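Colleague: I would like to learn how to read a model like this one. Could you take me through a few features, giving the general idea before the case at hand?

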Amino acid sequence: MNRRTKTAVFGAALLLTATAAAASAAASSDSGSGSGSPVQAREAAALTGEAKLYRSAGDDITFSFDAHLAAKDKADPMKATGTFEWSHYLNGEGARAKAKVDCLLTGGKVAVVSGVITSSDLPGAKGKRVGITVHDLGHRDRLGYSWASTGTPVETKGLPKCVGSAPFEKVKKGTGDFSVIPWQPDF
């Protein structure tokens, strides 16, 4: 074997060894810091984050989400957990509400979450189901809500789980960001 061939063989062996070592290290870190613990499955779906909506009239509207579907519940989006809340004020008047998640569906960068209002200072809102749709576009996210056509969650009657409206509202630049983890059901 000439010197050039030996160098090429040695280089290939080094590359193969480095690749095997990197794969082994990755496997160790994936298995819970090398402690022998099982690999954690990623959650089946999620919608998280907080942002203000843009309104030219100056309304102060904030939405925040902490909604999750565990990996073990991947087949049933109605087993989602968490909360979401929002507030809408203009000239010192408005209301806020918080809901307990009862369904979360995501597809790509779009999420629809629904829940029942557990607390609110809007008379008649507690106990009503609402749904919100988010389109995660980086820092230009969009959002829609089930009461868009009625003007208030109080007027919404008999809303099924996981129903929202088209994401027609825009997030105000620099106020936050929503993050969607896409659902990947086994079909």
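Predicted model: local features only at pLDDT ≥ 70, side-chain atom pairs only at ≥ 80, totals over all residues.

Colleague: Thanks! Which strands make up the open sheet, and in what order?

Modeller: Two terms come before the case. Strands (E, at least two residues) are DSSP runs, numbered from the N terminus, and two strands pair if DSSP finds at least two bridges between them. Here, nine strands form an open sheet in the order S8-S7-S6-S5-S4-S3-S2-S1-S9, with antiparallel pairing. S8 and S9 are the edge strands, each pairing on one side only.

Colleague: How many bridges join S2 to S3?

Modeller: Nine bridges connect S2 with S3 (residues 81-90), and the two run antiparallel. Asp60, for instance, stands opposite Tyr89 in S3. S3 and S4 are also antiparallel, joined by eight bridges. Ala95 in S4 is the bridge partner of His88, and Ser87 stands opposite Arg96 in S4.

Colleague: What is there to see in the hairpin of S3 and S4?

Modeller: Two residues lie between the strands of that hairpin, and Asn91 takes a positive phi near 55°. Strand S4 covers residues 93-107 and includes Glu93. For accessibility, buried means under 20% relative accessible area, exposed over 50%, and partly exposed in between (1.4 Å probe, protein chains only). Glu93 counts as exposed because its relative accessibility is 61%.

Colleague: Now the rings. How many aromatic pairs does the structure hold?

Modeller: A pair of aromatic rings is described by the distance of the centres and the angle of the planes. Rings of Phe, Tyr and Trp (its six-membered ring) pair if their centres lie within 6.5 Å; planes under 30 degrees apart count as stacked, over 60 as edge-to-face and the rest as tilted. This structure holds ten such pairs. Phe65 and Phe178 form an edge-to-face pair, at 5.2 Å centre to centre and 80° between the planes. That pair links distant parts of the chain, 113 residues apart: Phe65 is in S2 (residues 60-69) and Phe178 in S9 (residues 177-181). Phe65 counts as buried because its relative accessibility is 5%, and Phe178 counts as buried at 1%. Ring pairs also link Phe63, Phe65, Phe84, Trp86, Tyr145, Trp147, Phe168 and Phe178 into a cluster.

Colleague: Which cysteines form a disulfide?

Modeller: A disulfide is a covalent bond between the sulfur atoms of two cysteines. The cut-off used is a pair of cysteine sulfur atoms within 2.5 Å. The structure holds one disulfide, formed by Cys103 and Cys162 with their sulfur atoms 2.1 Å apart. Cys103 lies in S4 and Cys162 in the loop between S7 (142-145) and S8 (169-170), so the pair ties together parts 59 residues apart in sequence. The torsion about their S-S bond is about -105°, so the disulfide is left-handed. Cys103 and Cys162 are both buried.

Colleague: And Thr156: is it buried or exposed?

Modeller: Thr156, in the loop between S7 and S8, counts as buried because its relative accessibility is 11%. Contact means heavy atoms within 4.5 Å. Not counting residues up to four places away in sequence, Thr156 touches Lys128, Arg129, Ser146, Trp147 and Thr150.

Terms used: Residues numbered from 1 in each chain as written. Heavy atoms only, no water. Helix = DSSP H or I, 4+ residues; strand = E, 2+ residues; numbered from the N terminus.
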